[in-house]
Amino acid sequence: MLPSTRGRANTLLSQSAIIEAAAEVADAGGVGAVTMRSVAKVLGVEAMSLYYHVANKEAMLDALANWVFEQITLPDVNENYWMRIEYLSIKMKSDRFLIN
């Protein structure tokens with residue numbers, strides 16, 4: 001089931017709004033569920049409106065991957081090496097929708 005579109009149709013469309021909506025779709029149904037139509041549905045717009053902001057589905061998925069990696073906070077370099085490895089493994093498990 002896709003996230004609700006309630007209250008989104010009147011917001012300004014932007015690349016960041018598209019990527020955040022793509023993340024919602026990926027969270028709900030995995031990366032395979034991320035299509036131009038599914039993202040447009042979440043935003044309450046037609047799929048063709050997305051192409052003004054992203055070139056195609058591949059570009060949208062690339063931007064989504066970049067967005068996900070930007071969300072990862074790396075631990076301080078002064079921490080113990082094994083603590084960093086444990087932290088990153090837990091973080092990667094929590095962000096595993098990219099692997100679906």
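Predicted model: local features only at pLDDT ≥ 70, side-chain atom pairs only at ≥ 80, totals over all residues.
What covers the buried residues of α1?

1. Residues are numbered from 1 along each chain as its sequence is written, and side-chain values use heavy atoms, leaving out hydrogens and water.

2. The chain holds four helices and zero strands (helices are DSSP runs of H or I with at least four residues, strands are runs of E with at least two, and both are numbered from the N terminus).

3. Look at α1 now. Its buried residues include Ala 17, Ile 18, Ile 19 and Val 25 (buried means under 20% relative accessible area, with a 1.4 Å probe and protein chains only). The cover over the buried residues of α1 includes α2 (36-43) and α3. Across the whole chain of 100 residues, 27% count as buried.

4. Helix α1 (residues 15-29) packs against helix α3 (residues 57-71) at an angle of about 80°, with the axes 9 Å apart (axes are lines fitted to C-alpha atoms, for helices over the stretch in contact, and angles run from 0 to 180 degrees between N-to-C directions). That makes α1 roughly perpendicular to α3 (the word covers 65 to 115 degrees).

5. On the α3 side, Met 60, Ala 63, Leu 64 and Trp 67 meet residues of α1, among them Ile 18 and Ala 22 (contact means heavy atoms within 4.5 Å).

6. Just after α1, Gly 30 has a positive phi of about 85°.

Key. Parallel < 35°, antiparallel > 145°, perpendicular 65-115°, else oblique. Buried < 20%, exposed > 50% of the residue type's maximum accessible area, 1.4 Å probe, protein only.
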